[in-house]
Every structure is written in structure tokens, then in C-alpha cells.
Amino acid sequence: MDNLNVKYCNVNFNNPFILPSGIITEIPEHRRAIEAGVGGVTLKSLTFEKREGNPLPRVWKYDCGMINSVGLRNAGIEDGSREIGEFLKSNKNTPVIVSLFATKVKEFLYLVEKIVPLSPQFIELNLSCPNVDDEFGKPLGMEKGAAGKIVKQVKKISEKIPVLAKLSPNVNDIADIAKNCEDSGADGIVAINTVGPGMIIDIEKRKPVLGAKKGGVSGPGILPVTVRCIYEIYEAVKIPIIGMGGISKWQDVVEVVMAGATLVGVGTATYLKGMKVYDELKNGLSSFMAKKNIKGLAELVGAAHF
Ligand SMILES: Cc1cc2nc3c(=O)[nH]c(=O)nc-3n(C[C@H](O)[C@H](O)[C@H](O)COP(=O)(O)O)c2cc1C
């Protein structure tokens with residue numbers, strides 16, 4: 001499946017499939033995705049302090065996907081950066097994206113300073129987590145001024161590591177925020193984080209299913225939101241896009257790539273179909289390309305715009 005090789009920000013990926021942040025929580029466990037043949041892996045977002053996460057249940061499947069409110073459960077930057085160092089040492093062949101979350105610029109800079117010496121292939125700034133509102137205030141990426149400000153400061157200290165801005169669909173104009181990130185020096189855009197927040201009520205128990213009551217919606221039901229967001233971002237920026245949100249079939253992959261994504265994240269589908277979903281998508285995409293005489297994915301990126 002040579003036709004699936006992709007270059008993103010000058011980094012080679014064997015195939016365009018990425019494990020999105022947070023789908024696996026523990027850092028060493030991300031190896032499972034690599035064994036399943038992903039092109040790249042994004043680690044769970046790290047915060048300054050260790051976070052236990054929101055009350056259980058934190059994830060819930062429903063007919064069209066999933067709702068979650070994990071609340072950024074993670075080891076915190078001290079232990080987390082040590083684990084990341086070990087993970088990177090034992091994984092030389094698959095590009096790793098380290099995801100960071102903070103609500104203050106200063107805190108983001110502290111996290112980036114800790115990660116840069118580890119030399120991951122990418123740093124992703126999670127400017128869009130919907131599940132930490134109450135404790136931290138609104139996520140920073142929801143306003144374009146704030147998103148750009150963080151990117152600009154981070155770029156001053158990120159050295160050669162490409163910086164990606166992960167954006168939320170729950171805004172008036174995602175393309176405007178993406179453009180502001182690009183103007184501030186971002187090397188790529190990752191879109192989308194979960195949609196919502198939403199709520200599901202257990203009609204027998206007469207209460208919301210999630211411990212935190214509301215959470216972000218992911219999985220097949222949000223695909224049209226993803227496609228629209230990627231399409232709009234592609235028209236606004238020149239930097240490459242990692243598209244994610246609801247991809248579960250090879251046809252979804254083609255749609256998101258035609259909308260403008262160079263790489264695609266597949267997360268919730270691994271809960272619905274298992275890690276074998278990556279093989280299914282690779283086979284489907286590769287056969288589609290062969291049938292249409294498409295030699296490389298680059299030929300398809302943004303094809304729906306012309
Ligand atoms: C259980 C769960 C935890 C998540 N945790 C994070 C996270 O820590 N950081 C982040 O940027 N996105 C997080 N996300 C969002 C995903 O990375 C992704 O953007 C979203 O789920 C859409 O893709 P999907 O429909 O393929 O899952 C999480 C999603 C789920 C389902």
C-alpha cells in the first residue's frame with residue numbers, strides 16, 4: 001500500500017491514519033495503536049498537574065457514536081514527561097504527537113519547555129477541550145485572539161518541533177480561528193475536537209448517564225460537522241490539516257481528505273470496531289485509489305474545492 005505514504009510538515013507517515021488524543025489514556029498503552037498499524041499516534045493531553053478526571057461514568061456509547069467527559073485524566077507534566085521520554089525512546093518508527101492542555105499562556109509555555117528536550121515529532125496544543133469548563137473557565141481556543149496568542153508564544157520556544165493547533169467545532173467561525181493560528185506561526189491545524197457539549201438521559205434512572213452530566217460528542221454522528229469544518233479551514237489557511245471526528249469507514253476518509261485534510265484521525269471508531277478498523281480503512285482507501293488511478297493521497301487533498 002505504497003500509495004498511502006504521506007508527508008505532513010516534512011515528516012513521513014506510512015499511512016494517513018492517526019490515533020487522536022485521549023482515545024487511549026495511559027502513555028505506554030499507546031503502543032497498541034502502533035501495533036495496529038497507525039501512521040502516527042497522538043498521546044493523551046497532558047496538563048500541569050495530575051488530574052484524576054471527572055466522576056464515573058466518563059464515557060457512554062449511543063446509536064450514533066459516543067459522549068464523554070473524561071475531564072483530562074492524566075499523570076501531569078512531571079510524571080507524564082518522564083513517561084513520554086521512555087515512550088519516544090522505544091518508538092523510533094512511528095511519528096508521535098504530544099498533546100498539551102492549559103488555560104493560561106504561562107502554563108502552556110511551562111509544558112512546552114518540558115516537552116521540547118524530548119524531541120517528539122510534533123507538539124499539539126489542545127485549544128479546545130470541552131470538559132474542563134467548570135474548573136478552569138472557558139478553553140482558550142474558543143476565541144481567535146487567545147488561540148493566536150498562545151501559538152505565537154509557544155513558537156518562540158518550540159525550536160524545530162512543528163506546533164499544531166487543535167480546534168473546537170463549537171465556535172461561530174472555526175476558519176477564522178484557524179487563520180489566526182496560521183498567522184501566529186502554527187505549522188498545522190487539527191480539527192475537530194468533540195461536538196457539544198451534549199447530554200444523554202437514562203430514562204429508567206431519570207438522570208444523565210455521565211457522571212459529569214454533559215460531555216463531548218464523537219463518532220459517526222458528527223462526521224458532517226467535521227467535513228464542513230475541514231472544508232472551511234482549507235479555504236482559509238495554507239498550512240496542512242489533520243481531520244478527525246466521526247470517521248469510521250473508508251468513504252468517510254475520502255470525504256474528509258477531499259474537504260482538505262492531509263492526515264485523518266480515527267478515534268471513537270476504535271471503540272466501536274476495535275483496533276482492526278485501521279486495517280479496514282487502509283485496505284478500503286488503497287483499493288479506492290487504485291480503482292480511480294490515484295497515485296498518491298496528495299492528489300485527493302482538497303479535491304472537493306475545485
Ligand atoms: C474518551 C475521549 C477522550 C478524549 N480526550 C481528548 C484529549 O485528552 N485531548 C484532546 O485534544 N481530545 C480528546 N478527545 C477528542 C478526540 O481526540 C477527537 O478529537 C474526537 O473524539 C473526534 O474524533 P473521533 O470521532 O474519531 O473520536 C477525546 C475523545 C474521546 C472520545
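This is a predicted model: local features need pLDDT of at least 70, side-chain atom pairs count only at pLDDT 80 or more; totals for chains, interfaces and linings use all residues.
Residues are numbered from 1 along each chain as its sequence is written, and side-chain values use heavy atoms, with hydrogens and water left out. Local features need pLDDT of at least 70, side-chain atom pairs count only at pLDDT 80 or more, and totals for chains, interfaces and linings use all residues.

Eight strands close into a barrel. Their order is β3-β4-β7-β8-β9-β10-β15-β16, and the pairing is parallel. Strands are DSSP runs of E with at least two residues, helices are runs of H or I with at least four, and both are numbered from the N terminus. Two strands count as paired if DSSP finds at least two bridges between them. From one strand to the next, the twist averages 25 degrees. Axes here are lines fitted to C-alpha atoms, for helices over the stretch in contact, and angles between N-to-C directions run from 0 to 180 degrees. Strands of a sheet pair through backbone hydrogen bonds, either parallel or antiparallel. Ile18 has Gly40 of β4 as its bridge partner.

The largest pocket has a volume of about 580 Å³. A pocket is an open set of points on a 1 Å grid over the protein atoms alone, with protein on both sides within 12 Å along at least five of seven lines; a cavity is a set where a 1.4 Å probe fits but cannot get out. Grid points are joined across faces, edges and corners, and the volume is the space filled by probe spheres set on the points. The lining comprises 39 residues, each with an atom within 4 Å of a point. Closest to the centre are Ser21, Gly22, Ile23, Asn68 and Thr194. At least two lining residues come from each of β6 (65-68), β8 (122-126) and α9 (268-273). The largest share, three residues, belongs to α9. By class, the lining has 16 nonpolar, 18 polar and five charged residues. Nonpolar covers Ala, Val, Leu, Ile, Met, Phe, Trp, Tyr, Cys and Pro; charged covers Asp, Glu, Lys and Arg; the others, Gly among them, are polar.

Five aromatic pairs are found in the whole structure. Rings of Phe, Tyr and Trp (its six-membered ring) pair if their centres lie within 6.5 Å; planes under 30 degrees apart are stacked, over 60 edge-to-face, and the rest tilted. Tyr8 and Phe13 form an edge-to-face pair, 6.5 Å centre to centre with 90 degrees between the planes. Phe13 and Phe122 have ring centres 6.0 Å apart and planes at 35 degrees, so this pair is tilted. Phe13 lies in β2 (residues 11-13) and Phe122 in β8, so the pair ties together parts 109 residues apart in sequence. Ring pairs link Tyr8, Phe13 and Phe122 into a cluster. Both Tyr8 and Phe13 are buried. Relative accessibility is 2% for Phe13 and 0% for Phe122, which also counts as buried. Buried means under 20% relative accessible area, exposed over 50%, and partly exposed in between (1.4 Å probe, protein chains only).

Most residues other than glycine have a negative phi, and most peptide bonds are trans. The Ala191 to Ile192 bond is cis, with omega near 15 degrees. Ile192 lies in the loop between β10 (188-191) and β11 (195-199). Gly196 and Pro197 are also joined by a cis bond, with omega about 5 degrees. Pro197 is in β11. Asn10 has a positive phi, near 65 degrees. Asn10 is in the loop between β1 (6-8) and β2, and is exposed at 68% relative accessibility.
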